[in-house]
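Reader: I'd like to learn how to read a few features of a protein model from its coordinates. Could you walk me through them, one at a time?

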Amino acid sequence: MNRKNEQVNTFIHRQDLWKAEFKSLRDILLNCEVVEEYKWGVPCYTYNTHNVVLMHGFKNYCALLFVKGALLRDEQNLLVSQTENTQSSRHLRFTSLKDILAIQSTIKKYIEEAIENEKQGKKIELKETSDFEIAQEFQSILDVRDDVKKAFYSLTPGRQRAYLLYFSSPKQSKTRSSRVENYIEKILNGKGLHDE
């Protein structure tokens, strides 16, 4: 069995909601070819220094997050994309220890497949920023304000994508326009959607 990380021991010990589930998932993970680490405040399981699986707890479920989950075959259709725009990661979600125990061997197969994908160096072809829709309300601003255009295209691709998704998601033009107007100053200041 792989060596347990002390920070993960502490993480699990402090859990109120998903302690038994985390212990069970951890046992499955540590019987696979991974190294247990603690990153971003959660248990992270790596292969050859590459992140493979993270263990998360939420209000209504706990989950294994497969970093390159979109590559997994998922023949049983168990994986969940966090949002419709998530390109690579996928969750296996559980609401009880019983859920985990019922599919232990399947969970291990998913983990082993994720490790094999890392061994093979498989990569996910991510959409380019230019592939994302630009809301007409934002395009109108870019067309007439060179300062906004320059500032926007100076942002990192990830920050650009976050704005494009945020601006284009509302159904009503009025809401899209309001979002654009509310974030122009932030863009001009070189900040991302969620930057302070």
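Author: Happy to. Let's begin with salt bridges: a salt bridge is a side-chain nitrogen of Lys or Arg within 4 Å of a carboxyl oxygen of Asp or Glu. Here R73, E75 and E113 are linked in a network of such bridges. This is a predicted model, where local features need pLDDT of at least 70, side-chain atom pairs count only at pLDDT 80 or more, and totals for chains, interfaces and linings use all residues. Residues are numbered from 1 along each chain as its sequence is written, and side-chain values use heavy atoms, with hydrogens and water left out.

Reader: How many salt bridges does the rule give?

Author: The count comes to ten. One of them joins the side chains of R26 and E36, at 2.8 Å from N to O. This pair links distant parts of the chain, with R26 in helix α2 (residues 19-30) and E36 in strand β1 (residues 35-39), ten residues apart. Helices (H or I, at least four residues) and strands (E, at least two) are DSSP runs, numbered from the N terminus.

Reader: Are R26 and E36 buried or exposed?

Author: The general idea is relative accessible area: buried means under 20%, exposed over 50%, and partly exposed in between, using a 1.4 Å probe and protein chains only. Both R26 and E36 are buried. Now look at K119 and E33, whose side chains also meet in a salt bridge, 2.8 Å from N to O. That pair, too, links distant parts of the chain: K119 is in helix α4 (residues 104-119) and E33 in the loop between α2 and β1, 86 residues apart. K119 is partly exposed, with a relative accessible area of 40%, and E33 is partly exposed at 45%.

Reader: What should I expect of a salt bridge inside a helix?

Author: An α-helix has 3.6 residues a turn, so residues three or four places apart point the same way. In α4, K108 and E112 lie four residues apart, about one turn of the helix. Their side chains meet in a salt bridge of 3.9 Å, N to O. K108 is partly exposed at 29% relative accessibility, as is E112 at 40%.

Reader: Which residues of helix α5 are buried?

Author: In α5 (residues 136-144), the buried ones are E137, F138, I141 and L142. Seen down the helix axis, they fall within an arc of 140° (taken over the directions from the axis to the C-beta atoms), so they line one face of α5. On the other side, Q136, D143 and V144 are exposed.

Reader: And how do I read strand pairing?

Author: Two strands pair if DSSP finds at least two bridges between them. Here five bridges join β1 to strand β2 (residues 42-47), and the two run antiparallel. Y38 stands opposite P43 in β2. The two strands form a hairpin with two residues between them, and W40 in the turn has a positive phi of about 55°.

Reader: Last one: what lines the largest cavity?

Author: A cavity is a set of points on a 1 Å grid over the protein atoms alone where a 1.4 Å probe fits but cannot get out, and lining residues have an atom within 4 Å of a point. The lining comprises N51, V52, F66, V67, K68, G69, L71, A114, N117 and E118. Its largest share, three residues, comes from α4.

Note on methods: On a 1 Å grid over the protein atoms alone, a cavity is a set of points where a 1.4 Å probe fits but cannot get out, and a pocket is an open set with protein on both sides within 12 Å along at least five of seven lines; lining residues have an atom within 4 Å of a point.
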